Amino acid sequence: MLNMVVLGLVQGLTEFLPVSSTAHLLFAEALLGIRRPGILLEAVLHLGTAAAALVLFWGDVRRLAGGWVLSLRRRSHPVLSAYGRVAWVIVLITTITAVLGLAFQDPLERMFSSLRGTAAQLMATGILLLLARERSGRALTEATAADGVAVGLAQAAAIIPGLSRSGTTIAAALWMGLRRDDAVRLSLLAAIPAVAGAGLVGLKDLSLGEAMGYTPAQLLVGFAVAAASGAAAIRWLLHAVRRGQLRHFGVYCLVVGAVVLVVGGR
């Protein structure tokens, strides 16, 4: 049960912070002797973090859903119409991620699944965060299809272990011209279908959970810890970005990646 709590904390804190949850799970397995969770537990942890984002951004999610429905009915609304356009941007991001993810997941994961390879990719995340700069300062409701393509490609690239999903998507949104707060909001809103989708796909093995040694109580603990720590991570990230501290995460990725490169065994 203690391992379940630790894995839930690692997943929850690192899913949304731009420091790569996959890298930290690999490092925990190799350096701390904690086994990486199987597909079912990873699915439950993903659903926990997705639930955290859904709750914290429920207001945005409602407006996005309402605007999307209005756009399908070809109706307009002074506020919801703008959110309808953002909803289509998120659909575009999700589609690009899903198509490229299904096409390249296996070769990319095999290519970069070593500890040192993951550490190198984590350092690449650090460099991206150090180079990311706010440009023109557009609002979330001004997001375009071009923003969706850029963020979708960035999110798909994060299949590579060590490349942070939130780090790459926030950097892409900043480079495309969104202001800091809204780059993070777009990244996190786009994460909800991506992370929830990954979790739901993994639940296909739910019937095998008992055979794999997972009890309902253990899975519930993992879900709850991932959700609670994921919510804390989102609040931390938003606070850090508002204070212009995104670079601190970049320094962290460079330092941790460098240490693992030096002491890592494979």
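Reply: Start with the charge pairs. A search of the whole structure finds 6 salt bridges. The term means a side-chain nitrogen of Lys or Arg within 4 Å of a carboxyl oxygen of Asp or Glu. This is a predicted model: local features need pLDDT of at least 70, side-chain atom pairs count only at pLDDT 80 or more, and totals for chains, interfaces and linings use all residues. Residues are numbered from 1 along each chain as its sequence is written, and side-chain values use heavy atoms, leaving out hydrogens and water.

Me: Which residue forms a salt bridge with arginine 63?

Reply: First the general idea. Side chains of opposite charge can pair when their charged atoms come close. Here, the partner of arginine 63 is aspartate 60, with the closest N and O atoms 3.0 Å apart.

Me: How are arginine 63 and aspartate 60 placed in helix 4?

Reply: They sit 3 residues apart in helix 4 (residues 58-72), so about one helical turn separates them. Helices here are DSSP runs of H or I, at least four residues, numbered from the N terminus.

Me: Is aspartate 60 buried or exposed?

Reply: Buried means under 20% relative accessible area, exposed over 50%, and partly exposed in between (1.4 Å probe, protein chains only). Aspartate 60 has 6% relative accessibility, so it counts as buried. Arginine 63, at 32%, is partly exposed.

Me: Which residue meets arginine 138 in a salt bridge?

Reply: Aspartate 147, at 2.9 Å, N to O. Both arginine 138 and aspartate 147 are buried.

Me: What does aspartate 181 pair with?

Reply: Arginine 242, in a salt bridge of 3.4 Å, N to O. This pair links distant parts of the chain: aspartate 181 is in helix 9 (residues 180-202) and arginine 242 in helix 10 (residues 216-242), 61 residues apart. Aspartate 181 is partly exposed at 31% relative accessibility. Arginine 242 is exposed at 51%.

Me: Which residues do salt bridges with shared partners join into one network?

Reply: Asp60, Arg63, Arg179, Asp182 and Arg185.

Me: Now the cores. How many residues has the largest nonpolar core?

Reply: In soluble globular proteins, nonpolar side chains tend to be buried together. A nonpolar core is a set of buried Ala, Val, Leu, Ile, Met, Phe, Trp, Tyr and Cys residues joined through side-chain atoms within 4.5 Å. The largest here has 53 residues, and Phe27, Leu189 and Phe249 have the most contacts inside it. Helix 9 gives the most to this core, with 10 residues.

Me: What does leucine 189 touch?

Reply: Contact means heavy atoms within 4.5 Å. Not counting residues up to four places away in sequence, leucine 189 touches Phe57, Asp60, Val61, Leu64, Ile90 and Leu140. A second, separate core of 5 residues includes Leu7, Val10, Leu25 and Leu45.

Conventions
Helix = DSSP H or I, 4+ residues; strand = E, 2+ residues; numbered from the N terminus.
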